[in-house]
Amino acid sequence: MAGLLSSFDPSGLDADSLLTVLSGLERMVAAAHAVQVTAMAEFTRLRPHTPGRRFGEFVADEIALELSITRRAAENRVAQAVELTTRVPAVLTALRTGTLDLYRARIITEATYRLDDTTAGRVADHVVDRVEGCNASQIRRIVRRAVLRLDPDGSQHRHERARTDRSVVLTPVDDGMAELVALLPAEQATAVYQRVNTLARASRIPGDERGVDARRADVFVGLLLGRRDPGVAGEPGGARPLVHVTVAASTLTGADNKPGELDGYGPIPAAYARTIAADPTGVWKRLVTDPVDGSLIEHTRTTYRPPAALDDFVRARDHTCRFPGCQHSAQHGDLDHTIPWPKGPTTPGNLGALCRHHHRLKHHTPWRLTQTHGRFHWTSPTSRHYTTEPETHDPP
């Protein structure tokens, strides 16, 4: 195999063939990782077990030396190997067949570590049927939602315990810089980010060459140290941060415990979603969905700058940019006419949320897009086809 790969010459292949080679090799790498995982798990079983741990205390030391990695990295890989071969074999099968690579498989195993054996297996079985073709960000959302659906009480208890671990950590990095990281409850972190983002977008003045990330950083420092950013003439319209929370009507009334959705974060426990949706401060915009089919049935309109109902509906339906795999929030993207106006109507079936990058891709590259009642059909320059479904907000 090594000889075959070393002699491979891609120079005579067209674009379509090169993409086929890339995906085929990715599946081969995944299959090789599956073999390595099973070998690592078997090696772990040959070493003495340490009570209170899933594997022996000193197993990782041998593996770290053999693979030239740190002991911490080795411990993480051993933990994943044990999880894959004992509690979530469905994920190992997906790795072996190339449906998942090792990195995306790790996203699932990291979420199942804290679950009991039965729930871990159910989550894995539920997820692997839904992740083919999904990127890491999409898989995180699918896994979070699966954990919330299959273990709602445990999820709420873990959330309550996790709130006690909130912190702010300063880490020096190179070139005279440092990272300031705050671990916060999701609704607080999201609201803080939205406030910083709103002020940063309003802070640009003529001649300002700062990028939006740099402006966010300057606004953040200014808010904490009590200094107004030079580009901020005042909060536009007295605006407060706006955060969208999506919750099923049945969950809002307490009839069930379907996960909610916090824009910019992802799935959250039902009790958490009910608390945010009932918050009277005006920071939150509540989107209520039908518990049967997940469609939008009601949204609050007490926002500082109410958009048109159609704009609201399409962004809530799409949730993110509709290019395959893109997780850019629909609330901060463009609304695009699939068939350009005036040839195409301004209706839900001809509108969709696209981030600025993929909006430009649609108009300035050979990519083609059609839409069928919220289902977006993309055709690549090599005539490959991809479809994205409208956001259904977790129907049963």
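Let's start at Leu 25, which lies in helix 2, spanning residues 15-46. Helices here are DSSP runs of H or I with at least four residues, strands are runs of E with at least two, and both are numbered from the N terminus. This is a predicted model, in which local features need pLDDT of at least 70 and side-chain atom pairs count only at pLDDT 80 or more, while totals for chains, interfaces and linings use all residues. Residues are numbered from 1 along each chain as its sequence is written, and side-chain values use heavy atoms, leaving out hydrogens and water.

Leu 25 is partly exposed, at a relative accessible area of 31%; buried means under 20%, exposed over 50%, and partly exposed in between, with a 1.4 Å probe and protein chains only. Its C-alpha sits 9.6 Å from that of Leu 5, a residue 20 positions away in sequence.

Here is the protein chain as a whole:

| Property of the protein chain | Value |
|---|---|
| Buried residues | 42% of 396 residues |
| Accessible area (Shrake-Rupley, 1.4 Å probe) | about 21700 Å² |
| Carbon and sulfur part of that area | 56% |

The chain holds 15 helices and twelve strands.

Now to one of its sheets.
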